[in-house]
Amino acid sequence: MSRKRVGILISGRGSNMQALIEAARVPDYPAEIVGVLSNRAAAPGLAIAAGHGIAIASLAQSKFPSRDMFEDVMTQTLESWDVDIVCFAGFMRILGDDFIDHWAGRMINIHPSLLPLYKGLHPHQQALDAGATEHGCSVHFVTHGMDEGPVILQAKVPILPGDDAETLAARTLIAEHRLYPEALRMLSAGEISAP
Ligand code: GRF
C-alpha cells in the first residue's frame, strides 16, 4: 500500500493536527503526515509537529508583496514535501481562487458545526443563539465558498442545559478529533472522492 502524503495547514493550537498525526502513526493507516505549514510563527502546533519529527514551515502573508505570491509559496512549500492531500486544521485565512483550484479535490477542512449550518466565525455561539438542541462538526472538501464544499463526514454532539460557547466547543472538539482521522482515512484509501 502506498500511503498518501499529507500536508496540514494550521494557525494555532493544532489539536486536530495532533489527532491526524497520532492516527497516521498506526502502520496500516493509509496516509502519512509529511509537513505542517502555519501562517503564524507563534502557532503552538508547529512545536508539536516538530516534536514528532515532521517538517514544519511558517509563512506570514504580511511578508509577501501580494496574496498571490504568498499563496504561490504555500503551494511550492507543500509541493516540496510532495504532498498528495492538504488538510486545513484551524487554518484561519481565506485563500484565493488559484490556490483553491490547484488543490481542488485534494484539500479538506474541519468545521465545528453541522454544515450547512453556522458557517464562518463563532459557530458554537451561533448554534446557541439559534436555540439548537444539537451541534457537531463536519469534514468537507474545500471549495471557493467558505465552509461550503461537499461534506464527507459529520458527527453530532448534544447541546446541554447551561452550555456556553466554551463548554460546547470543548464537547465538539472531542468529536472533531475522532471525525477528522476517519475522514482522512476514507479519502486516502480512495473510499471517497470529490463529486
Ligand atoms: C477547531 O475547532 C476546528 O474545527 C476549527 O478551529 C479549531 C482549531 O482547533 N476550524 P485546533 O487548532 O485544531 O486545536
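A polar contact is a pair of N or O atoms within 3.5 Å; within protein, one atom must be able to donate a hydrogen and the other to accept it, and residues adjacent in sequence count only if both atoms are side-chain atoms. In this predicted model, local features need pLDDT of at least 70 and side-chain atom pairs count only at pLDDT 80 or more, while totals for chains, interfaces and linings use all residues. Residues are numbered from 1 along each chain as its sequence is written, and side-chain values use heavy atoms, with hydrogens and water left out.

An oxygen atom of the ligand is 2.9 Å from a polar backbone atom of Asn16. Side chains take part too: an N or O atom of Ser15 is 2.5 Å from a ligand oxygen, and a polar side-chain atom of Glu176 lies 2.5 Å from an oxygen atom of the ligand. On its own the ligand has 360 Å² of accessible area, and the protein covers 84% of this (Shrake-Rupley method, 1.4 Å probe). Surrounding the ligand (a heavy atom within 4 Å) are Arg13, Gly14, Ser15, Asn16, Gly90, Ile110, Pro112 and Glu176. This shell has two nonpolar, four polar and two charged residues; here Ala, Val, Leu, Ile, Met, Phe, Trp, Tyr, Cys and Pro count as nonpolar, Asp, Glu, Lys and Arg as charged, and the others, Gly among them, as polar.

On a 1 Å grid over the protein atoms alone, a pocket is an open set of points where a 1.4 Å probe fits, with protein on both sides within 12 Å along at least five of seven lines; lining residues have an atom within 4 Å of a point. The largest pocket has a volume of about 980 Å³, the space filled by probe spheres set on the points, which are joined across faces, edges and corners. Its lining has 37 residues, and the closest to the centre are Gly90, Phe91, Met92, His111 and Pro112. Helix 6 (165-188) gives the most to this lining, with five residues. Helices (H or I, at least four residues) and strands (E, at least two) are DSSP runs, numbered from the N terminus.

The loop between strand 5 and helix 5 holds Pro116, which a cis peptide bond joins to Leu115, with omega about 15°. His122 is found in this loop too, and its phi is near 55°, a positive value in a residue other than glycine.
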